[in-house]
Amino acid sequence: MAPPIATTPPVLQGPSAKEKKYDRQLRLWGANGQQALESSHILLLNSGAGVVGVETLKNLVLPGTGTFTIVDEAVVCEEDLGVNFFLEQSSLGKSRGEECCRLLLELNPEVKGFHIQKTIADFVKRSDLSQYTLIILVAPVGSLDVASEVSQIAWDLRQPLIYVHSVGFYSHTSVQLPPSFPIVDTHPDPPSTQDLRLLQPWSELLAYAKTQTADLEAFSDHDHGHVPWILLLLHYLEKWKESHNGEFSVRDDKKAFREFVGSHARTDNAEGGEENYDEALTAANRALTLPTIPSDLKSLLLEEECQIPRNSSANFWLIVNAISTFIKKHSLLPLPGTVPDMKSQSKDYIALQSLYRQKSQQDISEVTSNVRALEHALNRHIPIPDAEISAFCKNAAFVKLIHGRKLIINPLKHGWNDNSITTIIEHTTTMNFVSGKPSLFPILIALYGFDSAIAAAASVRPESNNLLAAASASPGFFTLMETYIRDVFGKLDSTSEDLDEALQHTLNIAREIQRSGPGELHNISSLTGGMIAQEVIKIITKQYVPVDNCLVFDGIESASAVYRL
Amino acid sequence: METDSMNSTTIPERMNIDRTRWSYLDCVLKKGGPFTDPEAVFGDGVISRIESAKILVIGAGGLGCEILKNLALSGFKDIHVIDMDTIDVSNLNRQFLFRESDVGKSKAECAAAFVERRVKGVKITPYNCKIQDKDESFYSQFSLVVSGLDSIEARRWINAMLVDMVDAEDPESLKPIIDGGTEGFKGQARVILPTISACYECQLDMHVPRQAVPLCTLATIPRQPQHCIEWAHIIAWEEHRKGTVLDTDDPEHVTWLYQKALTRAEEFNIIGVTYSLTQGVVKNIIPAIASTNAIIAASCSNEALKIMTGCNPFMDNYMQYSGDSGIYTYTFNFAKKDDCPVCGNLARDMQVNPKLTLEDFIASLSERAESQLKKPSIRKAGKSLYMQFPASLEEQTRPNLMKKMSELVEDGEEIAVADAALSIPFRYIIRYS
């Protein structure tokens, strides 16, 4: 028997409990991003005071990252309680990883957490790192060889690795991505995503504009004031061409053309002007540009894997190849198909919108058949989902490929070779041209000096399980940093005055590092933990664009800079 | 860890207090560094200053929770927090001091109790009320205010209050404001020294108000799913459920709006109305995540620590942060404006179309980036042009609403605009365009 027909619709077709809890983030990365986050497993290799890593995990546990594991050899001491929020009085004397893990898990019952009380060296030697989605390595590791080993393992496994320092008022975050890290869903700002093809309209659009604006002059004030600006611009472009030998020059004619359009707006009506014409004039500058293939995409098309995709290539490369075929044929990208809101009657706007949508669908179909042909040729049996091809086509102008690079753990040993010296000198001496403040790159050099000094201190007292205490007890700690820094500048051919100034500045940064303990300050670690968590989320969801590849933060100036090393 | 506390001048009763817990922090409080002011004095004086300072945190939400944790771990001991909100389930993805069992409780009280429990020796006093419920005598007890608010209106109110409180004769009357805000992967932190550096009002045009959709679009020519939702929200509700106060937290109410909007969208062939979008539009939801809050809150707390102790120079005075594409920050000095309606002393020019009626002019004040006033009253020298209150004056001045601006105000004449949300009137010189 059929159930009785409800007279009022049911109340609760609203969101699920999980959707409610995660509402504010689902609006950023959607169900797909959330799914990726929930199936990930983050490994934290902790050292030092260990706050920055734990603050990072806080920001990952809250949004529902599936699983985390903390490797930390330390036992909670009194000093930890003044800087780490995820420890309490009763944690004293217990395993720090275990206590942090327990208090972090209170934040989100859906997350799983594990802890292992071992040295990083010991853990790395005996564990299979392939089970983790991403690794966070916190400096100072003590032995630079161990840090290099982690970097090598992650590199070989094609696994993202984040290497971080938080010392006093400074922090540094390096991101080691696999050699090829493509992102489709880059979330460009809405104003930059418009591609309306006004200067290269397809025939249906042009025909539609013609019929809609044929009697424009005869329209009533109401109708005249409701013609969508896209149609107005197309109409006046045709008129313009009639009186300009069939030509419109983007470079020379824009200003005069805008005046030409403006002169047709009616001003003798009740409002003393027309909103749709105002919109047309505002939009003209951006809308009247020839569609181009962005340089990022162009270089993608030149990649070997795009030109000669293999059976085992990622879906990404097959789609890029299919789009490349599309571009060769049309000299245009597939149409994204979105239309901004504009003053017009509902039905006219909807009609215009569906015209763009249809064209976009048509382009997507063509790319899809290119993909299918390629799949056939490569003998691939699992077809790439339509939705993936469609999403790619709609964002084709903004897809990004990051070429990951291996971390530089000790630039004096491996890293800054003769080829990169010029770049390094530039980084070191170039003032911030906006603020007129010194470069932040010397902070990085000083932090390398800090690592080297810690490593030296650790080799003197290998039995100590608190490297920082060992370091501060070592009277020559600043001298060790200074020696390293002077060695770096020695490599940089320090005859220039700028470099000498940078050297003095770098030594001052080393003094500031020495002054801070050298230990962590909660605010700087919390801030850096926020930045690292953003990077982790971007990498795991493959949305937005991660840092490529070295970020320095200065908590004195409250400024940051990104370097590609 | 080694400290040199015993060598510097010490206040006798502090001698026996064990500071081992604060070893990391004490490193930067007990001695200066290469970038600190050479005149600054470090040591126990600084430590007792930070421990005795009364500091006010406005907001116990995404930023507030982080700020309370950070200040407690920066050595502050007498923290006060004010927030009128109760905890909602959608807060739990970032407001890490709250648990599912706290839903419905006061944010200020819950957050204060949690941090007090976790960090030994800190006292946090909660106020479960609006900032507007407190007056000058309340705000004058603090040395510094850190705000993590989500409303422009509340920020303008506290800014105007703290600027107004400055007495040139009394240095204690100047309370630095450190303000943070976030949206998605982006945010900003700023330091305001009322009457000395740019105040919130000087920077108001950094936050361009969202253009309101004209009522006639909603009523007759909707084109976007948002238009259908706004129609249900503003027009349909009034028509069908007059008398019931719309509660955007009530799922039945939101479902009703969603279904009305959906029906209207189908009528006009508009696609894209969803429950989630309905909720987003009617509640004006701004995406918010733990990581961005952590960044901005920590930046604010870092500035608070530097200002209170001089352990390093503080930010001058504005940092923009964006994590959408890589990480990008832009730190700059936002110049104070002489014609700022709150902290400046000059009236500001305002370009106006002389044909505009006073009513349309008043409506435009809510959309203009530099004014953003919702219910303003307008006066000029010796004459009220339109007063929202009291009712008798409203009635007397109402006929002016239909008049053209050019009939009421001369080109170059000064007007005063007062709004209930602000404690002082704004001054503008009308320039006809």
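## Basis and confidence

Residues are numbered from 1 along each chain as its sequence is written, and chains are lettered from A in the order in which they are written. Local features need pLDDT of at least 70 and side-chain atom pairs count only at pLDDT 80 or more, while totals for chains, interfaces and linings use all residues; side-chain values use heavy atoms, with hydrogens and water left out.

The average pLDDT (the predictor's confidence in each residue, from 0 to 100) of chain A is 91, and 94% of the residues score at least 70. Where pLDDT is low, the predicted coordinates should not be read in detail.

## Interface of chains A and B

Contact (heavy atoms within 4.5 Å) links 89 residues of chain A with 90 residues of chain B. The two chains bury about 7400 Å² between them, 59% of it on carbon and sulfur atoms; buried area is the accessible area (1.4 Å probe) that two parts lose on being put together, summed over both. On the chain A side, A:Arg24, A:Phe85 and A:Arg515 lose the most area to chain B, together 13% of what that side buries.

The interface holds 7 salt bridges, a salt bridge being a side-chain nitrogen of Lys or Arg within 4 Å of a carboxyl oxygen of Asp or Glu. There are also 36 residue pairs in polar contact, both residues at pLDDT 80 or more. A polar contact is a pair of N or O atoms within 3.5 Å; within protein, one must be able to donate a hydrogen and the other to accept it, and residues adjacent in sequence count only if both atoms are side-chain atoms. Helices (H or I, at least four residues) and strands (E, at least two) are DSSP runs, numbered from the N terminus.

## Helix α5 of chain A

Helix α5 (residues 96-105) is largely enclosed by the rest of the structure, because 7 of its 10 residues are buried. Buried means under 20% relative accessible area, exposed over 50%, and partly exposed in between (1.4 Å probe, protein chains only). Among the buried residues are A:Arg96, A:Glu99, A:Cys100 and A:Cys101. The cover includes α3 (51-61) and β3 (112-116) of chain A, together with α4 (107-118) of chain B. At the start of the helix, a side-chain oxygen of A:Ser95 comes within 3.1 Å of the backbone nitrogen of A:Glu98.

## Two residues of strand β6

A:Gln176 lies in strand β6 (residues 170-176) of chain A and is buried, at 0% relative accessibility. Its side chain makes a polar contact of 2.8 Å with that of A:Ser151. Its contacts beyond four places in sequence include A:Trp155, A:Arg405 and A:Leu407.

A:Ser171 is in strand β6 as well, buried at 1% relative accessibility. The side chains of A:Ser171 and A:Thr528 are in polar contact at 2.8 Å.

## Backbone details

The peptide bond from A:Ala139 to A:Pro140 is cis, with omega near 0°; A:Pro140 sits in the loop between β4 (134-138) and α7 (144-157). In chain B, the bond from B:Asp316 to B:Asn317 is cis, with omega near -15°.

A:Ser331, not a glycine, has a positive phi of about 55° and is exposed, with a relative accessible area of 56%.
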